[in-house]
There are 2 protein chains.
Amino acid sequence: MVTTDMTLSEGFGDAGDPAAAAPPVSVLGRAFALLGAFGPAAPRLTLTDLAARSGLALSTTHRLAGELVRLGALERSDGWYCPGMRLFELAQLSRPIAYLRQAALPFMEDLYEATHQIINLGVLDGGEVVYIERISGHQAADVPSRIGGRFPAYCTGLGKAQLAFLPRARCEELFAGPLAGRTPGSITDAGRLRRELDLVAERGVACDREETEPGIACVAAPVLDRRGQPVAALSVTGAVGRINQAALAPAVRTASLGVARVLRHSVP
Amino acid sequence: MVTTDMTLSEGFGDAGDPAAAAPPVSVLGRAFALLGAFGPAAPRLTLTDLAARSGLALSTTHRLAGELVRLGALERSDGWYCPGMRLFELAQLSRPIAYLRQAALPFMEDLYEATHQIINLGVLDGGEVVYIERISGHQAADVPSRIGGRFPAYCTGLGKAQLAFLPRARCEELFAGPLAGRTPGSITDAGRLRRELDLVAERGVACDREETEPGIACVAAPVLDRRGQPVAALSVTGAVGRINQAALAPAVRTASLGVARVLRHSVP
DNA sequence: GCCGCCGGTTCCACTCAGTGGAAACGAAAC
DNA sequence: GTTTCGTTTCCACTGAGTGGAACCGGCGGC
């Protein structure tokens, strides 16, 4: 129910600016258009880029950016703007995120020590998964997940693990449209997705073999609240050859049950 | 040089609102006053609290908060507002933070596996340390650090490790005023701080025995850039009895050198 | 059951913060 | 030297933003 129209404005790395459809009317809208101009592919921008990507007039951009710098939401070093530390501080106060991370990290550490693969924690937002925390070692596997990043839920382990425990109706409405898929392995057929989710619900873990990224596999398990609703999911991710899904499943499931238990006891 | 006046508005948990000194003039200022109303002690607020703590008129608060919700910067569930996920997403695009975390995490994992104590990563912002990442296990030691949290630099290991490598002049100007201290063990004498920092610069590690929090000790080492300037610091933190500073120092120092090496090779 | 209180929401006339075109500036490229 | 490109400053216009006031609805007390 939240940020349904927000996904549209997600700053993807398209070079040519598509003259942002509906120029925002309110100052806040404009300010967030500025912030939204940044993205994984554009972690820092000059004033002119900022104006072009946000669709705002140059002088407006200049003034707003200046103000955002004063407020700490942007930082500027030799002509480049990038998101500032104040945003980071504020973001950490997000209640759900702070609680989740605090509860989950010890279990993520356990999983890491046991597997030495990448351990991810993500939550569902609309039909997408947002990565909240990720721990990894030195082997810089080309796993595309990134804290604060988003992926379509139906083609990631983290997403499927949570979708499977959503009320059926809610899930259906999320995937009414056609499923584009990310890789040749992604599920793009609604019927097959439904059967897959039934299987996940039955087993308590979701698997992903090259559905998110070629060569990458993962095993994920949901963290459920008292009412059985998913609040997050944990996953172990790595190169296909290094992920033995059958062997990892119990560990991931145990860890996510542990997180759920801690959350039940700490959050009222 | 950044956010010098920002520290004033840090939302501490004082119950009675001190009728925020200078009401912000710009819409953005007002919006950030709203966001700044949240704090560790107030992770969620009602509309009325929000208005009181930010010093804005109720109807203004209502409208702005509504807009921030639409933008994803705030979330609302049954009457409570809290910082939203969109902020979190934007914050992760902060170039310095993302690079730092990516470079540092593997080494932090190594330190964790070796010590099973709390591992912190922090950067200097003015005279304060901001915690960027923290990993910990199940023993919920009462260590006060929190991702996104701030402490005065001169009474934390992370802070001293970085201060010691700042140009002397810069350091002096940061601590021109009197040092309040956090605990009986904190350094509050400018002369003693200077000698301590000399020692840190010589050894390459900073120690903290109950200077931040009674019963807590840590060992920290700076991550220096090409020019020898500190960009961050790593620390191992835990209960005094469990931290053998002499034994940990080489490990922490090695890890921070590792991070510096990775950063040198990845960031231009 | 009725009333008063207290959060939250909506309304609306006033006005000042915000806008953006244009011009000045400065440094680097030609 | 001139041109070009990114940035900064200026300023007259105006509609987005403001906040007092009225309204709504649920809860607790009388």
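The legends below describe close-up views of a predicted model. Local features are described where pLDDT is at least 70, side-chain atom pairs count only at pLDDT 80 or more, and totals for chains, interfaces and linings use all residues. Residues are numbered from 1 along each chain as its sequence is written, while chains are lettered from A and ligands numbered from 1 in the order in which they are written.

**View 1. Chain A as a whole.** Chain A has nine helices and eight strands. Helices (H or I, at least four residues) and strands (E, at least two) are DSSP runs, numbered from the N terminus. Of the 268 residues in chain A, 46% are buried. A residue is buried if 20 or more other C-beta atoms lie within 10 Å of its own, exposed if 12 or fewer, and partly exposed in between, with C-beta atoms placed from the backbone. Among the contacts in chain A with a separation of 6 or more, 60% join residues 24 or more positions apart. Two residues are in contact if their C-beta atoms, placed from the backbone, lie within 7 Å.

**View 2. The surface near DNA strand C.** DNA strand C is surrounded by 19 residues, and the closest are Ser59(A), Ser26(B), Thr46(B), Leu47(B) and Thr48(B). A residue is near a molecule or strand if its C-beta atom, placed from the backbone, lies within 6 Å of it. Two or more residues come from each of helix 1 (27-36) and helix 3 (58-71) of chain A, and from each of helix 1 (27-36), helix 2 (47-54) and helix 3 (58-71) of chain B. Helix 3 of chain A provides the largest share, four residues. By class, this surface has nine nonpolar, eight polar and two charged residues. Ala, Val, Leu, Ile, Met, Phe, Trp, Tyr, Cys and Pro count as nonpolar, Asp, Glu, Lys and Arg as charged, and the others, Gly among them, as polar.

**View 3. The surface near DNA strand D.** Among the 19 residues around DNA strand D, those that come nearest are Ser26(A), Thr46(A), Leu47(A), Thr48(A) and Ser59(B). At least two residues are supplied by each of helix 1, helix 2 (47-54) and helix 3 of chain A, and by each of helix 1 and helix 3 of chain B. Helix 3 of chain B gives the most, with four residues. The surface near DNA strand D consists of nine nonpolar, eight polar and two charged residues.

**View 4. The contact of chain A with chain B.** Each chain takes part with 48 residues. On the side of chain A that touches chain B, at least two residues come from each of helix 1, helix 3, strand 2 (80-83), helix 4 (85-91), helix 5 (95-115) and strand 4 (128-135). Helix 5 of chain A has the largest share of this side, eight residues. The side of chain A that touches chain B includes 27 nonpolar, twelve polar and nine charged residues.

**View 5. Helix 2 and helix 3 of chain B.** Two packed helices are described by the angle between their axes and the distance between the axes. The axes of helix 2 and helix 3 of chain B come within 9 Å and cross at roughly 110°. Axes are lines fitted to C-alpha atoms, for helices over the stretch in contact, and angles run from 0 to 180 degrees between N-to-C directions. These two helices of chain B are therefore roughly perpendicular to each other. Angles under 35 degrees count as roughly parallel, over 145 as roughly antiparallel, 65 to 115 as roughly perpendicular and the rest as oblique. Helix 2 of chain B contributes Leu47(B), Thr48(B), Leu50(B), Ala51(B) and Ser54(B) to the contact, and helix 3 of chain B contributes Leu58(B), Thr61(B), His62(B) and Ala65(B). These residues divide into five nonpolar, four polar and no charged.

View 6. The buried residues include Leu28(A), Arg30(A) and Phe32(A). Among the elements that cover them are helix 2, helix 3 and strand 2 of chain A, together with helix 1, helix 3 and helix 4 (85-91) of chain B. The axes of helix 1 of chain A and helix 3 of chain B come within 10 Å and cross at roughly 30°, which makes the two helices roughly parallel. Here Leu28(A), Gly29(A) and Phe32(A) meet Glu67(B), Leu68(B) and Leu71(B).
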